[in-house]
Amino acid sequence: MVKNKWFFLLIFGICYAQNNKIINSESSLKNDSLKIKSLLKIGQKFEEKSNDSALYYYLKANNLAKNTRWIEGELSSISNITAIYNIEGQYNKSLQLNLYSVALAKKTNDYLWIGRCLANVGTTYIYLNNYQKAIEYNLKALKLFEKSNNKDFLARMYANLAIIYPRIEQYQKALLYIDKAILLNEKGFATDNYIASLNTKANILCYLKKYNEAMPLYLKGLETAKKQGDKYQLAVFSNNILDTYKLLGKYSKMISVAQNHFNYCKDYGTNEMYSSGYKGLAEAYFYNKKNQEAQVFADKSLHYALKDTILEEMKFIYELKSKISFSLGDLKNGNYFFDKAKSIDSQLVNDDIIKNTQELEAKYETEKKELKIKNLTHESEIQKYKSKQKLWIIFSLIIGIIGITIFTYLQYKNYQNKKKFILQEKQLAIAEERIRIANDMHDDVGAGLSRIRYISTILKNNEGIKNSEIEKIISLSDEAVEKMNEIIWALNQGNQKLDELIYYIRSQCSEMVHNASIEFICEPPTNIPNVIFGWKENRNTYLLAKEAVNNAIKHSKATIISIHFEISNDLKITISDNGIGYNPEKIRKGSNGLKNFNKRIETLEGSLNITNSTDNGVTVSFTIPLHNKFR
Amino acid sequence: MITICIIEDLPEIRGSLEQLINNQDNLKLLFAVDNAEEGIPLLQENNPDIAIIDINLPGINGIDCIRKVKDNCPNTQFMIFTIYENDEKVFDALAAGASGYMLKKTPSDKMIEAIIDLNNGGSPMSGQIARKVINFFNEKKKPTHEALTKKENEILLLLSKGFLYKEVAHKLGITIGTVTQHIHNIYEKLHVNNKTEAINLVYGKK
């Protein structure tokens with residue numbers, strides 16, 4: 001009974017303070033907010049008489065706040081609605097709404113609002129007997145109030161925690177918090193809170209059976225309540241004092257306290273209060289062994305308790321009546337009232353079990369819903385994360401594709417340009433080669449053919465065929481074929497390696513020299529590096545060697561002609577004979593042979609060296625650089 | 001008596017060859033035509049000792065002509081008649097079944113010599129062709145192939161380096177006749193291996 005009373009007081013206090021605050025601080029708001037505020041005010045007025053009516057106005061206020069999107073208004077109304085739900089035992093509804101209000105409050109970024117909503121969740125958990133959760137939420141709220149340094153709310157949180165901790169038998173922690181609350185409330189202006197915290201501390205001390213320490217606090221609370229003129233608090237304190245005297249065994253002090261208590265209860269005026277007042281008197285008289293008076297007051301108390309069917313009160317009074325009957329020696333009535341009390345007790349226990357079951361069910365439902373919400377948020381977070389991840393993947397893919405496309409395009413363009421360039425180079429080279437081939441054909445083959453034609457014409461015009469002329473035609477045509485053969489050889493792609501050039505020079509020269517019945521000495525080098533000669537180099541080198549050998553065959557009267565190849569960084573070809581040498585004066589300056597020789601060496605970027613002696617014959621050696629040609 | 005056939009499209013050259021052969025007592029010209037289409041059935045019918053065939057013919061060329069009649073003329077020696085020794089096609093013709101070649105610039109007395117030489121098993125081979133033959137046998141080193149002997153390899157190597165038959169014979173201490181005989185054998189192996197290759201190409205594609 002005692003517990004329930006201060007508990008109700010506390011909840012009520014929070015709601016009341018919240019509404020006051022809104023009304024004071026937001027009075028300048030528009031019509032809508034004024035309307036909401038007045039709706040809340042009307043609801044509050046109805047709260048004392050009818051919870052349903054109060055709820056009606058609170059819900060109306062809530063709707064309006066929602067529609068006008070005034071978050072603070074919505075929060076205030078929720079706070080009031082949940083208070084009603086708590087009183088009506090609709091804890092599940094209350095919890096859902098309070099949890100929603102926490103989420104809503106977070107939008108305001110106001111520590112006070114968030115803290116208040118968290119505290120309301122904690123309160124609902126107290127009703128649900130889930131004290132651990134209640135502590136958790138209250139501590140969260142406490143932190144926010146500490147941050148915002150709101151002493152009023154801070155004190156209330158301390159007080160709340162002090163109420164919860166005894167439930168899990170942590171009295172020392174409860175004392176710690178209630179002392180903090182009292183300290184803050186002493187300095188503060190909210191006297192109701194101060195009184196309430198005094199009551200709480202005294203209650204805790206009573207739990208610890210420190211009745212002597214509790215009594216001064218109750219007395220102080222009573223004094224303060226008197227100053228305040230708070231009838232309810234006066235009733236509560238006087239009742240608690242009465243209880244404590246009883247527990248202390250100071251029965252003589254009980255009657256005067258009970259008298260005062262009755263007066264305060266009468267002032268408050270409800271059936272419950274009347275019952276409480278008469279019950280106090282009955283107890284006081286009973287413990288002072290005045291059974292007759294006690295019985296009268298007990299009957300009066302029962303009368304009021306029966307009016308509102310206050311079971312606990314009824315049970316208590318029947319027990320008292322049973323005790324009084326036994327004291328009066330009326331065993332029959334004693335047993336009768338005892339049985340009555342017992343039956344009410346079993347009903348209470350039954351009710352309690354039902355209530356507990358309902359609570360457990362509600363708790364289970366709540367937890368299920370909480371889990372669902374948690375899962376939902378978790379899932380939505382995962383979804384969010386996934387979609388975020390997906391977005392990133394898509395984004396990077398797009399970037400990647402664009403990058404690759406650009407890169408490929410540039411590469412392709414580069415490749416195209418290169419291809420074009422190479423093609424141009426190639427075409428240029430081909431054009432050059434074509435000109436060179438045409439020149440060679442013109443010079444070598446063309447000249448021979450025109451000579452054949454010239455000789456043939458003479459033969460046609462002159463009667464009598466001269467054998468010498470025909471011989472000339474044959475040799476000229478052979479030469480032309482030979483030259484064509486050489487051009488074809490040089491043009492052949494496969495013949496552009498240095499070894500092939502050397503072998504070709506050897507074979508051609510060998511045949512020439514042998515045909516002239518001269519001994520030929522030529523041992524090709526064993527290791528010929530892999531060098532690629534262009535057809536220009538091939539042809540010029542071959543022609544240089546052939547020309548030198550040809551000269552030796554024609555002019556040296558040698559018996560031996562040799563060719564020696566030497567390969568280092570250059571290709572050195574030495575053609576020597578053991579002939580008679582030549583007379584430099586006899587060689588015309590600017591003669592075709594020499595001119596050609598020099599021209600070919602120049603094209604090859606090489607050098608020419610000729611030694612000439614009458615004893616050792618002629619040695620012609622030319623050097624052709626091989627750099628850049630190694631493969 | 002050596003029987004000879006000629007497929008040559010240029011009438012002057014064909015005529016000159018005909019005259020040359022007809023003037024020889026030991027040579028007998030069976031026919032001379034100017035295209036392979038006409039020549040192929042005649043070759044198969046007559047089965048001459050020597051067939052002188054130009055590479056560049058109108059229609060079926062000399063190489064395909066040899067390929068077609070080679071199997072039906074087991075006793076015929078095919079001789080390529082060409083202007084250029086370095087012509088890529090000379091090797092192809094040799095691989096297809098020819099055992100020798102003659103250059104058109106060859107003086108007539110030498111031409112008769114070459115025909116008799118070929119009939120006796122001698123075969124000409126330039127350094128270029130020797131090189132190609134070496135490459136052919138190196139590439140087609142398969143167990144089924146008839147490999148070249150060590151001597152044959154040596155000869156080919158020297159020829160490829162520009163040594164004349166005379167010089168090869170001198171270097172290896174053998175006669176020129178032996179050298180030509182070796183070359184003839186090399187050509188035979190080339191034909192066989194080339195033919196195996198062709199058959200494999202047909203039947204290997206399963």
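**Notebook: sheets, helices and one buried alanine**

I started at B:Ile50, which stands opposite B:Gln77 in β4(B). I note that this is a predicted model, in which local features need pLDDT of at least 70 and side-chain atom pairs count only at pLDDT 80 or more, while totals for chains, interfaces and linings use all residues. Residues are numbered from 1 along each chain as its sequence is written, chains are lettered from A and ligands numbered from 1 in the order in which they are written.

**Chain B, sheet**

I then took the two strands: β3 (50–54) and β4 (77–82) of chain B pair in the parallel sense over five bridges. Strands pair here if DSSP finds at least two bridges between them. Helices (H or I, at least four residues) and strands (E, at least two) are DSSP runs, numbered from the N terminus.

I read the strand order of the open sheet in chain B as β2-β1-β3-β4-β5, five strands with parallel pairing. Its edges are β2 (27–33) and β5 (98–103) of chain B, each pairing on one side only. From one strand to the next the twist averages 25°. Helix α1 (11–22) of chain B packs on the sheet and touches β1 (2–7), β2 and β3 of chain B, its direction making about 160° with that of β2(B). Helix α2 (36–46) of chain B also packs on the sheet, touching β1, β2 and β3 of chain B, at about 145° to the direction of β2(B). Axes are lines fitted to C-alpha atoms, for helices over the stretch in contact, and angles run from 0 to 180 degrees between N-to-C directions. Contact requires C-beta atoms, placed from the backbone, within 7 Å.

**Chain B, totals**

I count nine helices and five strands in chain B. Of its 206 residues, 42% are buried (20 or more other C-beta atoms within 10 Å of a residue's own; exposed is 12 or fewer, partly exposed in between; C-beta atoms placed from the backbone).

I checked the partner chain: twelve residues of chain B are in contact with 14 residues of chain A. The chain B side of this contact has three nonpolar, four polar and five charged residues. Nonpolar covers Ala, Val, Leu, Ile, Met, Phe, Trp, Tyr, Cys and Pro, charged covers Asp, Glu, Lys and Arg, and the others, Gly among them, are polar.

**Chain A, helix pair**

In chain A I looked up α6 (111–127) and α8 (151–164), which pack at an angle of about 15° with their axes 12 Å apart. The contact is made by A:Leu112, A:Gly115, A:Ala119, A:Gly122 and A:Ile126 of α6(A) and by A:Phe153, A:Met157, A:Asn160 and A:Ile164 of α8(A). These divide into six nonpolar, three polar and no charged residues.

**Chain A, Ala294**

I found A:Ala294 in helix α15 (291–307) of chain A. It counts as buried because it has 24 C-beta neighbours inside 10 Å. Leaving out residues up to four places away in sequence, A:Ala294 touches A:Ala282, A:Tyr285, A:Phe286 and A:Ile324. A:Leu320 is 26 residues from A:Ala294 in sequence and 8.8 Å away in space, C-alpha to C-alpha.

**Chain A, sheet**

β4(A) pairs with β5 (617–625) of chain A in the antiparallel sense over seven bridges, and A:Ile610 has A:Val620 in β5(A) as its bridge partner.

Terms used
Contact = placed C-beta atoms within 7 Å.
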